[in-house]
Amino acid sequence: EVEKKIVAVGDKPRTALTRTHGKMFQFSVNEVSKAPPTFLVAALLAEELNQIEYASCTLVYNKFISAIAYETTEIEMGTPAGLLARLPKFGEQYEFEGDETNIMSDLIQMRIAVQLFNSMLESATCEQSARMAAMDGASKNCGEMIDKLTTVMNRARQAAITTELCEIVAGAEAIAAS
């Protein structure tokens, strides 16, 4: 059986998978989502992935669908060795200036970085959408709570006024009767 390894980008996947798949972690990158995603971070991550030998690589991320929906997406990224094996086919279609292997290695790393950056942007969009939906729900709940408390306060004020009026009328009748 092929040994599987996990590379987690962000705190949430690491936290979610550590208990069940802790021994499978190759490495994890934390605090990536503290700032907006940048291509530099994706490129550095791609560089780290190039140092690892693997037979296949699946990228799992949240893909933005709408303001209230997203879907978990898996894409097969391919391996540097597999992509380099296709070099003769590219050589037939394209003319390279310089060493083809070095150029292809750089292009493969760029491809991985672009895929990682795209997934980071999609996931950040999903997170912002979820935050906006949560804030919208909280705002609606606050509005309802304010309306309910206003009604309670108005009823209490009206009850106090009614009690005072009853006392005034009762006092006036007592004076008139004496």
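Leaving out residues up to four places away in sequence, Leu49 touches Val7, Phe27, Tyr54, Ile112 and Leu116. Keep in mind as you look around that this is a predicted model.

Leu49 also belongs to the largest nonpolar core, which has 16 residues. Together with Ala46, Leu59, Met77, Ile112 and Leu116, Leu49 is in the group that touches the most other members. Two or more residues of this core come from each of α2, β3 and α5, and α5 gives the most, with 5 residues. As a general point, nonpolar side chains in soluble globular proteins tend to be buried together.

## The largest pocket

Helix α5 provides the largest share of the lining, 10 residues. By residue type, the lining splits into 28 nonpolar, 10 polar and 10 charged.

## Asn62 on strand β3

Asn62 sits in strand β3. Is Asn62 buried or partly exposed? Its relative accessible area is 25%, so Asn62 counts as partly exposed.

Beyond its neighbours within four places in sequence, Asn62 is in contact with Tyr70, Glu71, Thr72, Glu122, Ser123 and Cys126. With Thr72 there is a polar contact between the two side chains, at 3.5 Å. Thr150, by contrast, is 88 residues from Asn62 in sequence and 42 Å away in space, C-alpha to C-alpha.

Notes:
Residues numbered from 1 in each chain as written. Predicted model: local features only at pLDDT ≥ 70, side-chain atom pairs only at ≥ 80, totals over all residues. Heavy atoms only, no water. Helix = DSSP H or I, 4+ residues; strand = E, 2+ residues; numbered from the N terminus. Nonpolar A, V, L, I, M, F, W, Y, C, P; charged D, E, K, R; others polar. Core = buried A, V, L, I, M, F, W, Y, C linked by side-chain atoms within 4.5 Å. Buried < 20%, exposed > 50% of the residue type's maximum accessible area, 1.4 Å probe, protein only. Contact = heavy atoms within 4.5 Å. Polar contact = N/O pair within 3.5 Å; in protein donor to acceptor, adjacent residues only side chain to side chain.
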